[in-house]
Amino acid sequence: MWHFLSTRLVMGFLTIWVTTIMVTLLIHAVPGDPVQIMYAQSQGTTPEQIEQVRRSLGLDRPIHIQYLMYMERLFQGDLGVTIRGGQPVLEVIFQRLPNTLMLAVTAMFIAILIGVPIGFLAAYREGTVIDIALMVLAIAGISMPHFWLGLMLLFFFALELGWLPVSGNSIMNLILPALTLGLSNAAIFARLTRSSMIDVMSQDFIQTAYAKGLPKALVLRRHVMRAGLLPVVTMMGLQFAFMMGGAIVVENIFSWNGVGRMAVEAIFQRDYPIIQGFILTFSVVVVVVAIAIDALYAVLDPRIRRA
Amino acid sequence: MDTKVDTSVHAAPLGFRKRLLLSPNGIVGLVIVLGLIFCAIFAEHLAPHNPAKMGTGGRFLPPNSDFFLGTDEFGRDMLSRILYGSRITLLIGAVAVGISLTIGMLIGMLAAFRRGWIEAILMRSTDILFSFTETLIALSFVAVLGPSLQNAVIAVGVAGIPFYARTCYSAALVETSKPYFEASISIGSSPGRLLFFHLLPNVLPTMIVVATLGVSTAILAAAGLSFLGLGAQPPTSEWGYMLAGSRDYINRAPWLMTIPGLAIAVTVLGFNLLGDGLRTSLDPVERK
Amino acid sequence: MSTTLLSVRGLSITLGSDARATSLLQDVSFDVSTGQILSIVGESGSGKSMTAKAIMGLLPPKANSSGIAMFRGQNLLAKNTTPPRGTGIGLIFQEPMTALTPVLTIGSQLTEAIVVHGLADINAAHRRAIEMLDRVGIPNPVQRMRQYPHELSGGMRQRVMIAMMMLLEPDILIADEPTTALDVTVQAQILDLLRDIVFDTQIGLILITHDMGVVAEMASDVIVLKAGQVVEAGSVQQIFDAPNAEYTRALLDAVPSIEAAHLKPLSTKGTVILSARNLHKTFRGQRGVGPAGPKTKALDDVSLDIWHGETLALVGESGSGKSTLGRVLLRLTEADQGTVELGNMDLLALTGAQLRLTRRKIQMIFQDPYASLDPRQSVGAAILEPIIIQGSATKSDRHEVVSELLTRVGLTPEMANRFPHEFSGGQRQRIAIARAIASGPELIIADEPTSALDVSIQAQILDLLADLKQEKKLTMLFISHDLAVVRQVADRVAVMRQGRIIELGPVDAVWSAPRHPYTKALIDAAPVPDPHRKRGLRTPLTGSFSTGKLTEVAPGHWVAS
């Protein structure tokens, strides 16, 4: 097990390290002069101020020096300042990150709580009308663009029916965006769970269980479920990453004050420090969650736990 | 010497086409996709109006007999916009997947073929890139190069490479481990022959399925970027962009939101069903 | 005094319904009594496994059964009878590696059925399980209870399966190919165990198998199935001594015997065509980047000469290194150290184009006929490929060359345009053979070429190989785990264990008078298709064996000291 986990940890560190490199290089990939572009929209910046920024970002130095400067500041917790208003990027991100995390985690819960039982039911009733109906629903769910779903939900529940507020930051506001994200991913979980269960049900050891005379309910509960849920756990890490990505759009629709919304605004404003900070944060969150889920899996699967 | 002649006829499994037709998903998907292609090719003939012309009709007209799908905030005919949008959508899908598929397959096949450190480097790099998630990669691309449909498509294409590389790698690994591959090596096949005659044809079916399903992902991703304003710019009649525009008028003209979204959903559904159908028709592993 | 436990009359199984129904089993009848071992013998497709499933009520949903199976006063095949699973009749499958649930402990899998059937409470069940594990010969039973299936070897898992079923105290045990996936020494142990249990508990055992040797060893009565029908039934002596049906006779003829006198004259030592020296190969558990896993020494200082025109057999159980040796000679796996001299070239030192050209001299026939042909390549193209690569025929000749090769291996030229999936396993192996001889090799390495085939097809393929060898003056390295087949085809044999050759010599000498204790154990363990040779308990395979240098104990006969 430790071998499995240590490999994951190493890869995790490597990923974050590569992210820092890419983030530093990002500014250079911009066609034209990045600093000019950054300040193009704010009036009244003198050429001296631009030069100052350029120097503070280290853009007048060779790349590896820049990188070292960036890393040095990173370890001190300094991610730079925003173009507008000059707030420390770290502060801005930390203000909004909890909102995004809340959204993503809630959506994950919704997706699992709806998707997995549906998948299980469909597998149990494989080939019947129920199975077909559920899977048609699932495919429709996957095909629906989540931003469209968000708009539709907004339209119906907030505007037409007035049950839920349109924008704001209370818990009530969390419901619609979480549902939007959660439902689209529920479909993926449903299909995944179904195929995993069906796969397990055709395995030899299930035949053995029946041959022992165990009743169907017990076989399903103890043998099929436990073996079949393992691949689903594996996918959870991936799905969480998708949800983080989806959160970016959903936050925009519902004006949810998370890092996704911040990032899109930053892109329009060419606020590179924030963009860099966002990419880094996103990466770190995804990697940490992925490792956590891998650790969970390592504990759950006896073949890895007792390799 | 009397080696008996063995002329027994083995029951061959159903041919590929028959199996595809047997899958209801596949049929529906195929119909949708073909319909889409038709619309895209003949958009000029099918569209009653010029999609970019403002003031073709009154503004915010709901669907009626003159304007089948109504008009938008600039008085442009929705039906025409949707039809032309299908062309853009298909192009987006084709180009993005084209990029991801070719580069991804190259990486994947190479890694599976030339084992050892090349494999390790390629696959670990791919894994790292993969963990960035496609959304982030696409977003970073657009952040750097600036919002435009072109950039969005390239972004989506590049963002998809890790996924295709990994999938192709797994598939190729399975094939290279099979005896027929080793048999070909032991006959003295050159690396080129192994790659193109043996590996590629056996990996292609899986990749075609993945690519078909991937078209839907690419379309969704590009539409998403356009929705955020980072992709298609005015006056393009790209569906994601149209959805973005509809936000301000949800109350007043709900069809502006419903119709483009529906178009995207149906398109994506079509490709998903087709991909599903292709997958089941390739599936029957013939066992003794 | 034995009573009839199970009485089957007219069992028939059809798959599907109405017009397109296929018949899997037709009108099968047999009885099983206390303390009796009944063997159901058949090749693939004979329906033998279906019989077991029908009795247990485990048929796939689209299958329908009819007939009578009287057990404990009830007809098991009637619509509303509860199947007798577990406490009435137990069932053991073929693949021990996949037959146990990987996520549950051995202990919980052993006890759950006891508790569910109400035979005991959880504590008593736990105790019984430990006792039963001990009974079936598993060391450290208390520890095993807490372990998971993947921590046990194949033989151990099969013992666990037997324990699991016996804990439910059934009247009958059905064993469906219980030892086919196991090494021959392990197989012997499991069969002994089963025989022991039958003797002790007087249950009835239905042993389903395709191996006539196993039948001869174990069964008292036999049913022979072919394509779903009972071709012959009787006592085991009668079946073997005086078979009535032609199919039974053909089946018995096709079975190679380890004791058969070697008909071919002993070949005198000729020239050495291949000389392998000091080959080493170690496999690490992990590939690519990352800390290495457990290492396995597949080849440990192996040296071997192959003489011109002979068939040298490599024999061993799993992990012996025999397949690795074959692959190293073919450069499919790279040896860590050592040399292989072919002609006057060091085969292991060649690279690039020269290696590719030299490859044609050694060709391989693989074990799995279903995976050794490219499914997307027509049969003709597959056979032609070595010729195209070596450039040994002009474009106009190619068609003829392929036709000739196809005919030579017992197929027809029209088959050239068809694809592998249209052929049976035996036919595909013939195609593979045609491909192997196409480039005119000097040495053919056959890696378990018939292990995946039915015994009747196996006989045909072995005959074909023997003919070709003689006609084309081929030398063959025959890798196998089947001692009887080796006896039939080989001139010399090398016995391998854990990466070393422990005995080497003329096959007659080695098989009839083995010197090394491991060889003795192997031969002892191999089932003999002769019911009159009942065996006593075998000497168990314990501890380590001498694996030192080979010393010549008789002319041409070497044994590890």
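Visitor: What should I know before I start?
Guide: The model is predicted: local features need pLDDT of at least 70, side-chain atom pairs count only at pLDDT 80 or more, and totals for chains, interfaces and linings use all residues. Residues are numbered from 1 along each chain as its sequence is written, while chains are lettered from A and ligands numbered from 1 in the order in which they are written.

Visitor: Which strand of chain C forms a hairpin with strand 22 of chain C?
Guide: Strand 21 of chain C does, with two residues between them. Strands (E, at least two residues) and helices (H or I, at least four) are DSSP runs, numbered from the N terminus. In the turn, Gly556(C) has a positive phi of about 75°.

Visitor: How many bridges join those two?
Guide: Four, in the antiparallel sense. Pairing needs at least two bridges found by DSSP. Thr551(C) has Val559(C) as its bridge partner.

Visitor: And what about strand 20 of chain C?
Guide: Strand 20 (residues 500-506) also pairs with strand 22 (residues 557-560), antiparallel, over two bridges. There, Leu504(C) is partnered with Trp558(C).

Visitor: New topic. How many residues of chain B are in contact with chain A?
Guide: 33, meeting 36 residues of chain A. Contact means C-beta atoms, placed from the backbone, within 7 Å.

Visitor: Which helices of chain B supply that side?
Guide: Helix 5 (117-131), helix 6 (134-145), helix 9 (191-228) and helix 11 (255-282) each give at least two residues.

Visitor: And how many residues come from chain C where it touches chain A?
Guide: 26, against 21 from chain A. On the chain C side, helix 2 (residues 106-116) gives the largest share, three residues.

Methods
Contact = placed C-beta atoms within 7 Å.
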